[in-house]
Amino acid sequence: MERYEEEEYLACCGSTQFAKEMVKASPFASVHEAVSAARDIWFNKVDVNGWLEAFSAHPQIGHSPSPDHIAAAAQWSKGEQSTALATATTSTLQELSDWNARYRHKFGFIFLICASGRSTAEILADLKKRYPNRPIVEFEIAAQEQMKVTELRLAKLFSSKIKSTSKGNEHATVSVKKAEEDRVSIISGHLTTTSESSSGKAPQISTRTRPPITTHVLDVSRGSPAEGVEVCLEIWKGTQPRPLFGEPDVGGWVFQGSSTTDADGRSGQLMNIVDVVNPGIYRISFNTGKYCPSGFFPCVSIVFEIKDSQNREHFHVPLLFSPFSFTTYRGS
């Protein structure tokens, strides 16, 4: 069972809240157990400020870490950008710097991407592709990229710890080899996911650490998460294959679960944590009238379909709400 200090977890992810929660959750029997806990902590316990703190701990892509970076984090960052720097030219580095500045001006935080094994041209192409995104969409993407970096660094942390504690022990070779295999497995998983996404194939998802359908609510009129919004999840089980516009749907929707958003605007568990979600038509409803009695919308419902080919995916359905408008999108 491996136990690490807060600063070691802070080198993996620059959020103080994340590092403290990882210490509380430790020790871990393996790197995969640590990664599973890290995913749950990052997506379900770390707040918006914690995400921004982690983002700011990274050097800009194409730049070296500052002297005040944690030594391990600085070393890992250099390694993660080694392919990009090796494939860079003066012109591509200048273009990357210009786009980084544009990105930061628009979104308020640095462009974040898991750069391991990626060339400057690939990173620049992704930056340009993501730049037109709305801020809330890009915020979610950046958080996903941060999680990829965290997973890789956790694997490095476990590997380096085993090596440092196993000197002089002839039986330690197996442990070191296993740690390296775990690290390669995590890296390969990210490369496979990227490859499958670009080819249109559905990526394979490992055992879940959260329900397959989640949501959070942001109050855009206040610029903060919406706490205390009642949320309800239902699935369509009517006589028709799907609900029809303008037709009564009495008795067609079957309750799946309910919750109330917390201080971060996240709902609690709306359904069981299962690897394979039942395909079908789902409806997630928000009691916006109770949250904002003077607003225009007494409630907001979002209807979406999960197909057979998507039953291993995760569906995050956030609501961006103000008293007189709302919007949503498919998150990851």
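Colleague: With which side chain does the side chain of R130 make a polar contact?

Modeller: A polar contact is a pair of N or O atoms within 3.5 Å; within protein, one must be able to donate a hydrogen and the other to accept it, and residues adjacent in sequence count only if both atoms are side-chain atoms. Here the partner is the side chain of E138, and the distance is 2.5 Å. A polar atom of the R130 side chain also lies 3.0 Å from the backbone oxygen of L112. Please note that this is a predicted model: local features need pLDDT of at least 70, side-chain atom pairs count only at pLDDT 80 or more, and totals for chains, interfaces and linings use all residues. Residues are numbered from 1 along each chain as its sequence is written, and side-chain values use heavy atoms, with hydrogens and water left out.

Colleague: Is R130 buried or exposed?

Modeller: The terms rest on relative accessible area: buried is under 20%, exposed is over 50%, and partly exposed is in between (1.4 Å probe, protein chains only). R130 counts as buried because its relative accessibility is 8%. R130 belongs to helix α8, which covers residues 120-130. Helices (H or I, at least four residues) and strands (E, at least two) are DSSP runs, numbered from the N terminus.

Colleague: Which residues of α8 are buried, and how are these buried residues arranged around the axis?

Modeller: An α-helix has 3.6 residues a turn, so residues three or four places apart point the same way. In α8 the buried residues are T120, I123, L124, L127 and R130. Viewed down the axis of α8, they fall within an arc of 135° (taken from the directions from the helix axis to the C-beta atoms), so they line one face of the helix. A121 and K129 are exposed on the other side of α8.

Colleague: Which residues are buried in α4?

Modeller: In α4, which spans residues 48-56, G50, W51, A54 and F55 are buried. They are placed on the same side of α4 because they cover an arc of only 140° around the axis. The exposed residues N49 and S56 sit on the face of α4 turned away from its buried side. At the start of α4, the backbone nitrogen of N49 has a side-chain oxygen of D47 within 3.2 Å.

Colleague: Which strand is joined to β6 by seven bridges?

Modeller: That strand is β7, residues 300-306, and it runs antiparallel to β6. As for burial, seven of the seven residues of β6 (280-286) are buried, so β6 is largely enclosed by the rest of the structure.

Colleague: Finally, what kind of peptide bond joins S26 and P27?

Modeller: Most peptide bonds are trans. The bond between S26 and P27 is cis, with omega about 10°. P27 is in the loop between α2 (16-25) and α3 (31-44). P27 counts as partly exposed because its relative accessibility is 24%. P27 and R3 are 24 residues apart in sequence, yet their C-alpha atoms are 4.6 Å apart in space.

How values were computed: Two strands pair if DSSP finds at least two bridges between them.
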